[in-house]
Amino acid sequence: MTTKLVFLGGGNMAEAIFAGLVNNSQFAIEVIQRNPEKAARLQNDYPSIKVNPTLDYKLNQDDILLLAIKPQQAKEACLAIKNKIHDCLVVSVMAGLSIASISSWIDNPRIIRTMPNTPSSVAQGITAIFAPSIISAQEQQLINLIFSTIGIVYTAQTEGEIDKIVPLSSSAIGFVYYFMEGFISAAVNEFGFSQQQADVLIRQVVSGSSALLSANPDISISEQRARVTSKKGATEQGVLTFEREKLHEITKQAMQNCYLRILEMAKEFN
Ligand SMILES: NC(=O)c1ccc[n+]([C@@H]2O[C@H](COP(=O)([O-])OP(=O)(O)OC[C@H]3O[C@@H](n4cnc5c(N)ncnc54)[C@H](OP(=O)(O)O)[C@@H]3O)[C@@H](O)[C@H]2O)c1
């Protein structure tokens, strides 16, 4: 059976998701993109999907609507099409917006909340998914299938977990890049490497470290770290410096502050 899958918004996240599904005959994809230039570009790049400026018909119970607009635009956009979307299954990728808020705008309790991260755009993502009890196991499976095309899926047991996962699954990407910037700065300013050399080298370090972990899934991260940290060796001196300066305590504070900001933003949106 083919399932109609309609994206409200054809921006970065929507495209990351439907790009992985265009050749899957299980879904008939339609994208609502109001900007004509963006719509033309999408239609040109993905000839097998339908691109329309508005949703001008009612979606039925078996159809899926994926809300991929900015949280700030959501209330107005949902209210404008409310009478067309209160029977279908609704999936939100919008940060910070609760199921209760969306449900109250569209008078539809069948809402699944998801939180993909940015590497989803290169099919290396993590998507946390929370489905309330009104959603059937079959519907959950279908949604898992959609997000499996852009990376791994984490099944949240409560809606609160969707906010709690952000410091780890999304913000940690920024934290890793920030850490990399520190290595580049030290390599350039203290060790005389050019910016470009340091950039190439640290990218390779991070992708190589990640590849090593992937190639050895049974070896824990701590064990891999111990393997590259010989007793009385050079790396150990660096690790001891991080320990002395309480890097893990700083990391904990960074994650806590990140989470507090998520809760603050959620108050603004809901
Ligand atoms: N990007 C990420 O890495 C990421 C990660 C996790 C979650 N998200 C969530 O994904 C959602 C989309 O983010 P994005 O990065 O894809 O944003 P984006 O690239 O700005 O895309 C937003 C899209 O929504 C469209 N839109 C806005 N109002 C609309 C309306 N009333 N009717 C129809 N379309 C409308 C915009 O169209 P116009 O171009 O015409 O304005 C645009 O195509 C956000 O809620 C965000 O929280 C994104």
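Leaving aside its neighbours within four places in sequence, which residues is I184 in contact with? I184 is in contact with Q195, A198, D199 and I202, where contact means heavy atoms within 4.5 Å.

## Basis of the model

This is a predicted model, in which local features need pLDDT of at least 70, side-chain atom pairs count only at pLDDT 80 or more, and totals for chains, interfaces and linings use all residues. Residues are numbered from 1 along each chain as its sequence is written, and side-chain values use heavy atoms, with hydrogens and water left out.

I184 lies in helix α7; helices (H or I, at least four residues) and strands (E, at least two) are DSSP runs, numbered from the N terminus. At 12% relative accessibility, I184 counts as buried. The classes are buried for under 20% relative accessible area, exposed for over 50%, and partly exposed in between (1.4 Å probe, protein chains only). I184 and R203 are 19 residues apart along the chain, and their C-alpha atoms are separated by 9.9 Å.

S120 sits in the loop between β6 (111–116) and β7 (125–130). S120 is buried too, with a relative accessibility of 1%. Neighbours within four places in sequence aside, S120 is in contact with M13, A16, G125, I126, T127 and I150.

## Packing of α7 and α11

Two packed helices are described by the angle between their axes and the distance between the axes. Helix α7 (residues 166–189) packs on helix α11 (residues 247–269) at an angle of about 130°, with the axes 10 Å apart. That angle makes α7 oblique to α11. Axes are lines fitted to C-alpha atoms, for helices over the stretch in contact, and angles run from 0 to 180 degrees between N-to-C directions. Under 35 degrees counts as roughly parallel, over 145 as roughly antiparallel, 65 to 115 as roughly perpendicular and the rest as oblique.

The crossing of α7 and α11 is right-handed, a term for the near helix being turned clockwise from the far one by less than a right angle, with anticlockwise giving left-handed. From α7, the contact is made by V166, P167, L168, S171, F175 and F179; from α11, by L247, A254, M255, C258, Y259 and I262. These residues divide into eleven nonpolar, one polar and no charged. Here Ala, Val, Leu, Ile, Met, Phe, Trp, Tyr, Cys and Pro count as nonpolar, Asp, Glu, Lys and Arg as charged, and the others, Gly among them, as polar.

## Aromatic pairs

A search of the whole structure finds four aromatic pairs. Rings of Phe, Tyr and Trp (its six-membered ring) pair if their centres lie within 6.5 Å; planes under 30 degrees apart count as stacked, over 60 as edge-to-face and the rest as tilted. One of the pairs is F7 with F18, edge-to-face at 5.4 Å centre to centre and 75° between the planes. F7 is in strand β1 (residues 3–8) and F18 in helix α1 (residues 12–19), eleven residues apart. F7 is buried at 0% relative accessible area, and F18 is buried at 0%.

F179 and F183 form another edge-to-face pair, 5.0 Å centre to centre with 75° between the planes. Because they are four residues apart in helix α7, F179 and F183 are separated by about one helical turn. F179 is partly exposed at 38%, as is F183 at 39%. Elsewhere, F7, F18 and Y46 form one aromatic cluster.

## Positive phi

Most residues other than glycine have a negative phi. K232, not a glycine, has a positive phi of about 65°; K232 lies in the loop between α9 (221–227) and α10 (234–244) and is exposed at 80% relative accessibility. K246 has a phi near 60°. K246 lies in the loop between α10 and α11 and is exposed at 53%.
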